[in-house]
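Dear colleague,

I am passing this structure on to you, and below it you will find my notes on what turned up in it. Please read them with the model open beside you.

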Amino acid sequence: MISVPLWTMANSQMTHDLQCVYRAADVGEADIVVVWLEEQAIAAFVKDRYGASGLYPFAVAPLGVEVCVADSEQAPRASALLEQHAADIEARKRAVATEPAIEVACEACGIKTTFPAGQRGRVGTCPNCRAYLDVPAANAAPPGPIPPAEEWSGYEI
Ligand SMILES: [Zn+2]
């Protein structure tokens, strides 16, 4: 009979609890929480962004997507803040859900990539050539409906 030493499991569980402060339903929600934590001066990241849900940003991971803080000493503060401001995050989730995804053309290779609205104001990566892409912030987008294509034909990007 093969048994896994109990301490191994207990240990990994501890590490998990120390650094991971939020379980989001999908990568989009996890990104919102990361941005929110960074606004509170807490460095955070999405754990297993691609491992959990493949390469598709909108896919839902069966067990959720975890948000972790870079410095485990900040985890208690991050958890407390997330609890206190759960309403803020809910509001932001609703706002992002109503925003369309953003299409960004890569300056290096010209390939267009679609980023979820939760990535606004952040730096993304071109899936084709790995160059960094600036995802425009919300206030950079024209208000109201997107103008018809003809109005844009005079612009060379
Ligand atoms: Zn590119």
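Subject: notes on the structure

A80 is found in helix 4, which covers residues 75-84. Please keep in mind throughout that this is a predicted model. A80 has 11 C-beta neighbours inside 10 Å and therefore counts as exposed, since the cut-off for that class is 12 or fewer. Although A80 and V21 are 59 residues apart in sequence, their C-alpha atoms are 9.3 Å apart in space.

To place that residue in the whole, the protein has five helices and seven strands, and its elements, read from the N terminus on, follow the order α-β-α-β-α-β-α-α-β-β-β-β. Of the 157 residues in the protein, 18% are buried. Among the contacts with a separation of 6 or more, 50% are accounted for by residues 24 or more positions apart.

Much of what I found concerns helix 2, which spans residues 27-39. Helix 2 has 13 residues and reaches 18 Å from its first C-alpha to its last, which is close to the 18 Å expected at 1.5 Å a residue. Ten of those 13 residues are buried, so helix 2 is largely enclosed by the rest of the structure. The buried residues of helix 2 are V27, G28, E29, A30, D31, I32, V33, V34, W36 and L37.

How do helix 2 and helix 5 lie relative to each other, and at what angle do their axes cross? Two packed helices are described by the angle between their axes and the distance between the axes. Here the axes of helix 2 and helix 5 come within 10 Å and cross at roughly 125 degrees, and the two helices are therefore oblique to each other. The crossing of helix 2 and helix 5 is right-handed. On the side of helix 2 the contact is made by G28, E29, I32, V33 and W36, and on the side of helix 5 by I89, R92, K93 and V96. Sorted by class, this contact of helix 2 with helix 5 has five nonpolar residues, one polar residue and three charged residues.

V96, one of the residues in that contact, lies in helix 5, which runs over residues 86-98. V96 is buried because 20 other C-beta atoms lie within 10 Å, and 20 or more is what that class requires. Leaving aside residues up to four places away in sequence, V96 touches G28, I32, A117 and G118. V96 and I32 are 64 residues apart along the chain, while their C-alpha atoms are separated by 8.4 Å.

Finally, two residues deserve a look for their backbone angles. Most residues other than glycine have a negative phi. A41, however, is not a glycine and has a positive phi of about 65 degrees. A41 follows helix 2 and lies in the loop between helix 2 and strand 2, the latter covering residues 44-46. With 8 C-beta neighbours inside 10 Å, A41 counts as exposed.

R130 is likewise a residue other than glycine with a positive phi, in this case near 70 degrees. R130 is found in the loop between strand 6 (123-125) and strand 7 (132-134), and, because R130 has 10 C-beta neighbours inside 10 Å, it counts as exposed.

With best wishes

Key: Residues are numbered from 1 along each chain as its sequence is written. This is a predicted model: local features need pLDDT of at least 70, side-chain atom pairs count only at pLDDT 80 or more; totals for chains, interfaces and linings use all residues. Helices (H or I, at least four residues) and strands (E, at least two) are DSSP runs, numbered from the N terminus. Two residues are in contact if their C-beta atoms, placed from the backbone, lie within 7 Å. Axes are lines fitted to C-alpha atoms, for helices over the stretch in contact, and angles run from 0 to 180 degrees between N-to-C directions. Angles under 35 degrees count as roughly parallel, over 145 as roughly antiparallel, 65 to 115 as roughly perpendicular and the rest as oblique. A crossing is left-handed if the near helix is turned anticlockwise from the far one by less than a right angle, and right-handed if clockwise. Ala, Val, Leu, Ile, Met, Phe, Trp, Tyr, Cys and Pro count as nonpolar, Asp, Glu, Lys and Arg as charged, and the others, Gly among them, as polar. The expected span of a helix is 1.5 Å times one less than its number of residues.
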